[in-house]
Amino acid sequence: MENKSKSGLEGINVADTRLSEVDGAAGRLIVAGSAIEDLAGRVEFAQVVGRLLQIHGVEVRLGEGRLWAHERISRLGDALDRSDGMDALRAALAHQNAQLPALGGPRAEVEFDEVLRAIGATATYVAAWSRRQAGQPPLAPSAARGHAEDYLYLTRGEAPDSAVRALDAYLVTIVDHGMNASTFAARVAASTGTDLYSALVAGVGTLKGPLHGGAPGPVLDMLDQIKRPEAAEAWLTEALDAGRRIMGMGHRIYRVRDPRAAVLERALGELERGPSRPRLQLARAVEQQAERLLAARHPDRPLKANVEFYTAVLLEAVGLPRRAFTPTFAVGRVAGWCAHVLEQRSTGRLIRPEARYVGDRPQG
Ligand code: COA
């Protein structure tokens, strides 16, 4: 029988990792040895990064990274002028002069310095881009603030406690997630022995796509268009009849509801000035209707809410502008990319799969 290509690489392990595990059948996510429910909103982002990298003292060094990047903003040329935040982040990260790492060697302290700086810098760049979009100058970071707090302050100009807690829970929720597309892209780049920033640029470019990290903005657009729970069924039916995908629904791995959706709902519930009740009711109604309609159309393929669905509601509730949603995903996920780059460097070989040739062959 002909060996057909698996175009999505589903079901194929391409690495051994100690960073995270996604159990799609049970709907469980383990990050650095803990269930995601025990981390998000319970352990601060910087500490989770420390667990992923297996080092201490992360918080201060993230702060130093934010400050370092702030001082470089004036040297980035027009990188932060892009109207799309992911384009801006890609350009800003591409601007760094990174050293080529030693392959396969023990992890040097200098590598940790570099990744923590990159994680800190990502928050500064995204916040500075977001303010520039609003016609405002960048604000100065402070290493004395936590990462989520400073990011929120740098973006909004204020950082209320309750919103900081919810944003921190979000950043932890999305910090790492198995061999997702952007992590894979970063690992493929790292496997060639290239530098950290080249691998991160690969991650940013991959996360930008609407099938990966680009969904939360469109989820909110959908809620805005639907407006009332009673209108959900008709709107969704029309979208599906037109062959459109419902953003925030479905997942490559999960066959049950994405556990991160529940974690984000919990964080939303803990927000003091949370989303208005109607907004959350609308989101839940749309989710229910979408799940029902998708089940009728795809009885063999469970399509349920993924992390992006409640990401949209949470990031709106903490006061971030819609255009900053996907870049904010990168502010958290960059830590996962960095941990995977280090893991790939220390244990990995060149990732180089094959393609089945189906084109013409020379005659004779
Ligand atoms: N809305 C409508 N139909 C969907 C759907 C969605 N959100 N997700 C999957 N489907 C349908 C596909 O059209 C396909 O139908 P077909 O067999 O009739 O062609 C079937 O379900 C299987 O989809 P497939 O593309 O094989 O799934 P995948 O594993 O490649 O895709 C996603 C996973 C996440 C890319 C997909 O569910 C999707 O596009 N979701 C919307 C975007 C989104 O929320 N992304 C964030 C992910 S965290």
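**Exercise 1. How many cavities of 30 Å³ or more does a search of the whole structure find?**

Solution. The structure is a predicted model, in which local features need pLDDT of at least 70 and side-chain atom pairs count only at pLDDT 80 or more, while totals for chains, interfaces and linings use all residues. Residues are numbered from 1 along each chain as its sequence is written, and side-chain values use heavy atoms, with hydrogens and water left out.

Step 1. On a 1 Å grid over the protein atoms alone, a cavity is a set of points where a 1.4 Å probe fits but cannot get out, and lining residues have an atom within 4 Å of a point. The search finds 1 cavity of 30 Å³ or more.

Step 2. The volume of the largest cavity is about 30 Å³, and its lining consists of Thr-124, Ala-127, Ala-128, Arg-131, Pro-138, Leu-139 and Leu-154. Helix H5 (residues 109-133) supplies the largest share of this lining, 4 residues.

**Exercise 2. Describe the largest pocket and its lining.**

Solution. Step 1. A pocket is an open set of grid points with protein on both sides within 12 Å along at least five of seven lines. The largest pocket has a volume of about 1600 Å³, and of the 48 residues that line it, Ala-181, Leu-211, His-251, Arg-252 and Ile-253 lie nearest its centre.

Step 2. Among the elements that give two or more residues to this lining are strand E1 (20-23), helix H8 (181-191) and helix H13 (277-297).

Step 3. By class, the lining of the largest pocket divides into 20 nonpolar, 17 polar (Gly among them by convention) and 11 charged residues.

**Exercise 3. Which space does the ligand take, and which residues are closest to it?**

Solution. Step 1. The space taken by the ligand is the largest pocket, under the criterion that more than half of a molecule's atoms lie within 2 Å of the grid points.

Step 2. The ligand is surrounded by 19 residues, the closest being Arg-245, Ile-246, Gly-248, Met-249 and Arg-252, where a residue counts if one of its heavy atoms lies within 4 Å.

Step 3. For polar contacts (a pair of N or O atoms within 3.5 Å), a polar side-chain atom of Arg-245 lies 2.8 Å from a ligand oxygen atom, and a polar side-chain atom of Asn-306 lies 2.9 Å from an oxygen atom of the ligand.

Technical notes. A polar contact is a pair of N or O atoms within 3.5 Å; within protein, one must be able to donate a hydrogen and the other to accept it, and residues adjacent in sequence count only if both atoms are side-chain atoms. Grid points are joined across faces, edges and corners, and a volume is the space filled by probe spheres set on the points.
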